[in-house]
Protein chains: 2
Amino acid sequence: MSRFDDSGEGSEHMEADIEAGGQASKRRARGGATARRASRDGGPGLQRPFIRRRIPIYEVLDEEGLSLIEANADRVLEEIGIEFRDDAEALELWRNAGADVKGERVHFPKGLCRTLLETAPPVFTQHARNPERSVQIGGDATVFAPVYGPPFVRDLEGKRRYATIEDFQNFVKLAYMAPSMHHSGGTVCEPVDIAVNKRHLDMIYSHIRYSDKPFMGSVTAPERAEDTVEMCKIVFGEDFVDRNCVLLNLINANSPMVFDETMLGAAKVYARNNQACVISPFILSGAMSPVTVAGTLTQILAEVLAGASFTQLIRPGAPVLFGTFAASISMQSGAPTFGTPEPSLVSYGAAQLARRAGLPFRTGGSLCGSKIPDAQAAHESAATLNMTLLAGTNFALHSAGWLEGGLVSSYEKFMIDQDQLGMMQKMAEGIDLSEESQALDAIREVGPGSHYLGCAHTQANFKTAFYTSPLADNNSFEQWQIEGEKRIEQRANELCRHWLEAYQAPDLDPGIDEGLQAFISGKKEAMPDSFT
Amino acid sequence: MSRFDDSGEGSEHMEADIEAGGQASKRRARGGATARRASRDGGPGLQRPFIRRRIPIYEVLDEEGLSLIEANADRVLEEIGIEFRDDAEALELWRNAGADVKGERVHFPKGLCRTLLETAPPVFTQHARNPERSVQIGGDATVFAPVYGPPFVRDLEGKRRYATIEDFQNFVKLAYMAPSMHHSGGTVCEPVDIAVNKRHLDMIYSHIRYSDKPFMGSVTAPERAEDTVEMCKIVFGEDFVDRNCVLLNLINANSPMVFDETMLGAAKVYARNNQACVISPFILSGAMSPVTVAGTLTQILAEVLAGASFTQLIRPGAPVLFGTFAASISMQSGAPTFGTPEPSLVSYGAAQLARRAGLPFRTGGSLCGSKIPDAQAAHESAATLNMTLLAGTNFALHSAGWLEGGLVSSYEKFMIDQDQLGMMQKMAEGIDLSEESQALDAIREVGPGSHYLGCAHTQANFKTAFYTSPLADNNSFEQWQIEGEKRIEQRANELCRHWLEAYQAPDLDPGIDEGLQAFISGKKEAMPDSFT
């Protein structure tokens, strides 16, 4: 049924593409019929492959600081321990691995977690159903994925309301079209019009049907994780899935220092199937972790080491990420706050700890607390996103569309954010030092007191020289007035409508589509709706 | 007349304060009567001393790239040359220094500029009339200064109109009150209601009368620069001014590769009086420099080396900064664009070149092209400001209030920007690794599955733990609705009105004030108004 059934070769072929620096993929992407159509019809045009950073990483901690936090995390693991709740299998696995298990509290002898993590790959490929869209997770790669989790949307009429499956599909379509969005994400919004126990089927189907970028699995129950894996087997073939990563899955620690039954259940399904878990302490500093950066880093490291090494107990070699979701809280109101300096410092530090642990790193995105895509939202998002790139983040969830502390997926903000992702991608290319770029001849040609607007070098290079924003207004004040004194949200709204109109679904093998639909129908018919 | 007349000791005392890490200054600032009054009356409260960065610098170029650009700049200086226009004295000085002068074009033998720059101080103090507000320029210091140059304002009624001296005074007052604004700046807006040939007198007086932070001098004509120095002598004493820096002065190169009569005239006055010149190529890449980052960096370096070394011909040892104003242009419309990746790369690279040249570095700020303080303005400003901090910039002009490509000083944007400066300042403190901050006892006390909200460690640390924004809304959606669904500009508008109401002028010695007023009256009476 799947073109991935002869997966061994297919897999190596895709690896080769990715190892070749994404260049092959880039050329093909530029030539893609979908991209051409989209561009002609008012869409965004060419797709950019995942980022290979050619700029240095920014690090805030020195060797002494890193060693200190690692030593403290080791003490937390050994002396305080981490709870694995309501999961006898997990506790048994830990006991057999040599941990000291007291009730549900697991105490880890020094070095146990790190020894277990030696089997986890530092770099791997997450495959997309379109090989051109496969992404590298780890190393010098940065992959942007959309917002995850909001029950609400702010729609194109400016209304804040519960999200539907139509919204979900729209965000999948937008992520498919956005040139610097390398991933389709997971719960781009929560489609609350579908029964809780069936919703995952429509969500996974939407990612497959309306996009060809890689995506994330359901983690709300072990059986839903199983369904996700089954659907991937229909698309990629059973053997291929067992031998390759086709799913990234968000496993949040229930901080402080707890992994609960739901998350452990999903983690076990995915790790057993060789799919990637993103072990992510969900931290609002001052509530789920100490009110200080150093204390928060210590707890994050302990939680990730415990959770990530657990996946290696399930299946050695299963891909796993060091995740960090860092925000702080307002000490006046208790509300979460985003884009402030302390969470940035946490994430910068966590990225360093992840590299030392040999794991790909997830953090950041375009986080904000604002209710609307105003300057507050932008400042908070920019502070988070700049950090995300410079920290050397490998997988950046929430890179576009996040609003109101993650309660809302916003169409307008998605468009504004995805423009910023394009800027980050250009930034990551660093400084070209080729002879052409050095431009000595241009400087000589133009000389003192003239200008470069018409010179040969400018003519030859201007098309690719600067990132061009589709949303920023740089016209004269008078022109801006004539055009109605629009705010950027209004331009984002218009562009979003254009994109959704211009959207064209990527091809999907009809046999695969039928297989998926049959699977979904069978599952849905087998159980009554549940909304809790 | 001045309390600086016995300047030798006073000077050393101030240096000592600054060398002590700004801590002494911080303590006194916190205890200041003005700050207490301001805080009680709805003002911003305590002032923060200039930033001493405790985080690493971010560098985009390696040794090979830096050497390449330096070698190219040397070739530009020698083979192409820089024009010093309409200034026979300048050409004569260059001739005597060993340069090859052809017409107005100066060709510099390899190494000449760098040899001359050996007398320029890598770090110096700019003195404020209040010693607590003196700032270090260079080294690990970052100093934020407000927007410079706009002829228009966007006022608190949302109207865009020509700026007046009242606006000028308002921005001086706001910069005086903003806790992380370390400098009063220069032309915070252009007071077009005052005659061109007299305006500088009122501007300099406003900086002295309505603030006690350091400020910038007039550069629009040599005689206005002379007036600025004279007024400083009244405030600081003649000897003190001759031996210390009390003025920073913006000397723009007329890129590409020209210094004009006006700028040279002002530069000569200031350098001769031992005051600091900020030699700043004003670059819109693609127009005033090559369309590439590497080419732009080459030209910037050549221009700065020529301009900065010229100040050392005037007076060896006079303080001078390596300045860079970097933006790019839209290749569609020719309009300047801000906050895009390429100017950030230019500034990161220029910062490295400045450090290698042994000069303090100026760049960045909160630049944007947007007409209003919306998400475009914020994204562009944030991209520029994040770079400004991480590049290790020493002096950041345009840090607050810049709107519409520098045509407009905006009250609302000033307030939003100054909040971000506070975030940068907190970020610059880096990660505290003290035992208290490590928080191991807190992690032990709280343990798995609980929370940190009430624990002893949180109680002891929460007040200083997180940067608290006076403008960000982090309340619930419902609360935000009840409060009128305000955008951040509206909150900024309200806070700005509060500040201006709560403003109280710092003390100024009545004798000095009389001296200044007499000087200004004398000057104004001696010439008719000119508006050109």
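**View 1. Glu63(A) in helix α4 of chain A.** In this predicted model, Glu63(A) belongs to helix α4, residues 63–80 of chain A (helices are DSSP runs of H or I with at least four residues, strands are E runs of at least two, numbered from the N terminus). Its relative accessibility is 48%, so Glu63(A) counts as partly exposed (buried is under 20% relative accessible area, exposed is over 50%, partly exposed is in between, with a 1.4 Å probe and protein chains only). Leu385(A) is 322 residues from Glu63(A) in sequence, and their C-alpha atoms are 25 Å apart.

**View 2. A salt bridge between Asp140(A) and Arg52(A).** The closest N and O atoms of this pair are 3.2 Å apart (a salt bridge puts a side-chain nitrogen of Lys or Arg within 4 Å of a carboxyl oxygen of Asp or Glu). Asp140(A) sits in the loop between β6 (135–137) and β7 (141–144), while Arg52(A) is in strand β1 (residues 51–52), so the bridge ties together parts of chain A that are 88 residues apart in sequence. Asp140(A) is partly exposed, at 31% relative accessibility. Over all chains, the structure has 68 salt bridges.

**View 3. The Arg487(A) and Glu489(A) pair.** Here's another salt bridge, with 3.2 Å from N to O. Both Arg487(A) and Glu489(A) are buried.

**View 4. Lys102(B) and Asp100(B) in chain B.** These two side chains form a salt bridge at 3.4 Å, N to O. Lys102(B) is exposed, with 53% relative accessible area, and Asp100(B) is partly exposed, with 36%. Salt bridges with shared partners also link Glu63(A), Glu70(A), Arg114(A) and Arg356(A) into one network.

**View 5. A patch of negative charge on the surface.** The patch gathers Glu429(A), Asp432(A), Glu435(A), Glu436(A), Asp441(A) and Glu445(A) (patch residues have over 30% relative accessible area and no salt bridge, and like charges are joined within 9 Å). Helices α16 (435–438) and α17 (440–446) of chain A each give two or more residues to the negative patch. Asp441(A), which is in α17, is exposed at 61% relative accessibility.

**Reading the views.** Residues are numbered from 1 along each chain as its sequence is written, and chains are lettered from A and ligands numbered from 1 in the order in which they are written. Local features need pLDDT of at least 70 and side-chain atom pairs count only at pLDDT 80 or more, while totals for chains, interfaces and linings use all residues; side-chain values use heavy atoms, leaving out hydrogens and water.

Terms used
Patch = residues over 30% accessible without salt bridge, like charges linked within 9 Å, V, L, I, M, F, W, Y side chains within 5 Å. Areas by Shrake-Rupley, 256 points an atom, 1.4 Å probe, with all protein chains shown as cover. Lys, Arg positive; Asp, Glu negative; His and termini not counted. Charge placed at Lys NZ, Arg CZ, Asp CG, Glu CD.
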